[in-house]
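My entries follow in the order in which I made them.

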Amino acid sequence: MLSERRLELAATALLALAAVATAWASYQSSRWHGKQAQAQSASIAARVESSKAAAEANRQVQIDVSLFTQWVDAYATSETELASFYRKRFRDEFQPAFEAWVGTAPLRNPRAPLSPFALPEYQLASTKEAERLEAVAAAASHEVRVDIQRADNYVLAVVLFAVSLFFAGISTKLHTRESRVAILAFGYVIFLGTAIWIATFPVSVGL
């Protein structure tokens, strides 16, 4: 049977350990909430830039479609000089697709693509950039969810450590040795279980 002195020491030790652990878990929760905010900002910024790149790609497609349509009209009416005028103004990114489309002999080949835009040669750097930035935004959004979960886990640890603090404190107020031992033991079980649990958590430390 534990002596009164040992019971007091055990309760004091649990109070001290749980207080330190509570402070640590609170600090970690705050750190992960900060990381979540940073990831959220990165996600928003990447999506804004992705939208800008996508809008630029749409403008470039409209230019390509417009010039190609004008060229087709001029070519169909045998206006050679006008057709040449439009062709010289094709954007560099459109040229490979146009040349590949012409190479399919669209006037004679019924299986030829309907337009250069259906060919894999039609590639826009702005479209690729928009896709890259969207992938960055998606990764940052995933990091936001992960960081929120980590912060929430640490908040739960704070609550559990607070419970162990409560049991350590109340054990000193009880009058019977058996009840003090039982309550103190329960507090230690909660503390140790929580400590083992958060030992598996990632740690964030900053200056």
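I began with arginine 150, which counts as partly exposed because its relative accessibility is 27%; buried means under 20% relative accessible area, exposed over 50%, and partly exposed in between, with a 1.4 Å probe and protein chains only. Arginine 150 forms a salt bridge with aspartate 147, the closest N and O atoms being 3.8 Å apart, where a salt bridge is a side-chain nitrogen of Lys or Arg within 4 Å of a carboxyl oxygen of Asp or Glu. Aspartate 147 is buried, at a relative accessible area of 1%. Both residues lie in helix α4, three residues apart, about one turn of the helix; helices are DSSP runs (H or I, at least four residues), numbered from the N terminus.

I noted that this is a predicted model, in which local features need pLDDT of at least 70 and side-chain atom pairs count only at pLDDT 80 or more, while totals for chains, interfaces and linings use all residues. Residues are numbered from 1 along each chain as its sequence is written, and side-chain values use heavy atoms, with hydrogens and water left out.

How many salt bridges does the structure hold? I found eight. In one of them the side chains of glutamate 134 and arginine 47 meet at 3.3 Å, N to O, and this pair links distant parts of the chain, with glutamate 134 in helix α4 and arginine 47 in helix α1, 87 residues apart. Glutamate 134 is partly exposed at 33% relative accessibility, and arginine 47 is partly exposed at 33%. I also recorded a network of salt bridges that links Asp64, Arg91 and Glu93.

I turned next to the largest nonpolar core, which has 18 residues, of which Ala25, Phe161, Leu184 and Phe191 touch the most other members; such a core is a set of buried Ala, Val, Leu, Ile, Met, Phe, Trp, Tyr and Cys residues joined through side-chain atoms within 4.5 Å. At least two residues of this core come from each of α1 (4-76), α4 (125-171) and α5 (177-198), and the largest share, eight residues, is supplied by α1.

My last entry is serine 204, in the segment after α5, which is buried with a relative accessible area of 3%. Its side chain makes a polar contact of 3.1 Å with the side chain of arginine 31 (a pair of N or O atoms within 3.5 Å; within protein, one must be able to donate a hydrogen and the other to accept it, and residues adjacent in sequence count only if both atoms are side-chain atoms).
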